[in-house]
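User: I have a model open and want to go through it with you. Let's take it step by step.

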Amino acid sequence: MSLTMIVPYSVALSIMAAIPGPGITALVGNALASGFRATVPMALGLILGDLTFMTAVVLGLALLLGTFTTAFLILKLVSVAYILFLAWKLYRRDFVMGRIVGAPSITPGAAFTSGYLVTLSNPKAMIFYVSLLPSLLPLDHVTFEDYLLMAAVTACVLALTILPYITLASKLGAVITNPLHWKLLRLVAVAAMIGAAFMVFLQLF
């Protein structure tokens, strides 16, 4: 697989990933309230979701993905419920004397799972890998080494695209020291999470 094939794929993937959707919205909301480190597992979940789609297409399972409409419907409903659950956990936290208290922060496992579910229930990701990927790369001649290269490029491009969103949101959250400002920021973060759930919900129709 040549560089002339990888570059167009990387550019198309970065454009797709940079367009705000449920995943980016959920990431920003979590980073605002919980910080950079707590949001990394969610980002890893998002990336693994993309790698799952990519792997399915490389293995020739694209047609199967299109037939599991009921399964994807259930997956989207689960994603909506899970994101709303995380939003509720964020809402229950509070800021007292310079530290965040209240309900425990979202665990790394929960953040990772939410990121993974959001990607799997995102039609934008599915359309990119099922419809556009075959036109960008010669999938009928993919070797194992080519697959590893594609996976590495996909993970790196997504990480570099996601990183600015997490960094800026977490830095904004870190400078909040006033309890009133924290409450406003918490509402913004919760609204972002609810917005992500709403975006997934709208994709049911």
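**Aromatic pairs and helix packing**

Analyst: This is a predicted model. Searching the whole structure turns up 3 aromatic pairs.

User: How do the rings of Phe-53 and Tyr-129 pair: stacked, edge-to-face or tilted?

Analyst: The ring centres of Phe-53 and Tyr-129 lie 6.4 Å apart. Their planes meet at 15 degrees. Planes under 30 degrees apart count as stacked. The pair is therefore stacked.

User: How many residues apart are Phe-53 and Tyr-129?

Analyst: Phe-53 sits in helix α3, and Tyr-129 sits in helix α7. The pair links distant parts of the chain. The separation is 76 residues.

User: At what angle do α3 and α7 pack?

Analyst: Helix α3 covers residues 36-58, and helix α7 covers residues 123-136. Their axes are 9 Å apart. α3 passes α7 in a right-handed crossing. The packing angle is about 35 degrees.

User: Which residues of α3 make the contact with α7?

Analyst: On the α7 side, the contact uses Ala-125, Met-126, Tyr-129, Val-130, Leu-133 and Pro-134. By type, the residues of this contact are 9 nonpolar, no polar and 1 charged. From α3 come Asp-50, Phe-53, Met-54 and Val-57.

User: What is the handedness of the crossing of α3 and α6?

Analyst: Helix α6 spans residues 108-120. The axes of α3 and α6 come within 7 Å and cross at roughly 35 degrees. Their crossing is right-handed.

User: How many residues in the contact of α3 with α6 are polar?

Analyst: The α3 side includes Leu-44, Gly-45, Thr-52 and Phe-53. The α6 side includes Phe-112, Ser-114, Gly-115 and Tyr-116. The contact has 13 nonpolar residues and 1 charged. The polar count is 6.

User: How far does α3 reach from its first C-alpha to its last?

Analyst: α3 has 23 residues. At 1.5 Å a residue, the expected reach is 33 Å. The model comes close to that, at 33 Å.

User: Which residue just after α3 takes a positive phi?

Analyst: The phi in question is about 85 degrees. It is found just after α3, at Gly-60.

User: Where in the protein is confidence lowest?

Analyst: Mean pLDDT for the protein is 78, and 79% of its residues reach 70 or more. Confidence is highest in α3, at 92. Over residues 95-104, pLDDT stays under 50. The lowest mean, 44, belongs to strand β2, residues 99-102.

Technical notes:
Residues numbered from 1 in each chain as written. Predicted model: local features only at pLDDT ≥ 70, side-chain atom pairs only at ≥ 80, totals over all residues. Heavy atoms only, no water. Axes fitted to C-alpha atoms, helices over the stretch in contact; angles between N-to-C directions. Helix = DSSP H or I, 4+ residues; strand = E, 2+ residues; numbered from the N terminus. Left-handed = near helix turned anticlockwise from the far one by under 90°. Contact = heavy atoms within 4.5 Å. Nonpolar A, V, L, I, M, F, W, Y, C, P; charged D, E, K, R; others polar. Expected span 1.5 Å × (residues − 1). pLDDT = per-residue confidence, 0-100. Phe/Tyr/Trp six-rings, centres within 6.5 Å; stacked < 30°, edge-to-face > 60°.
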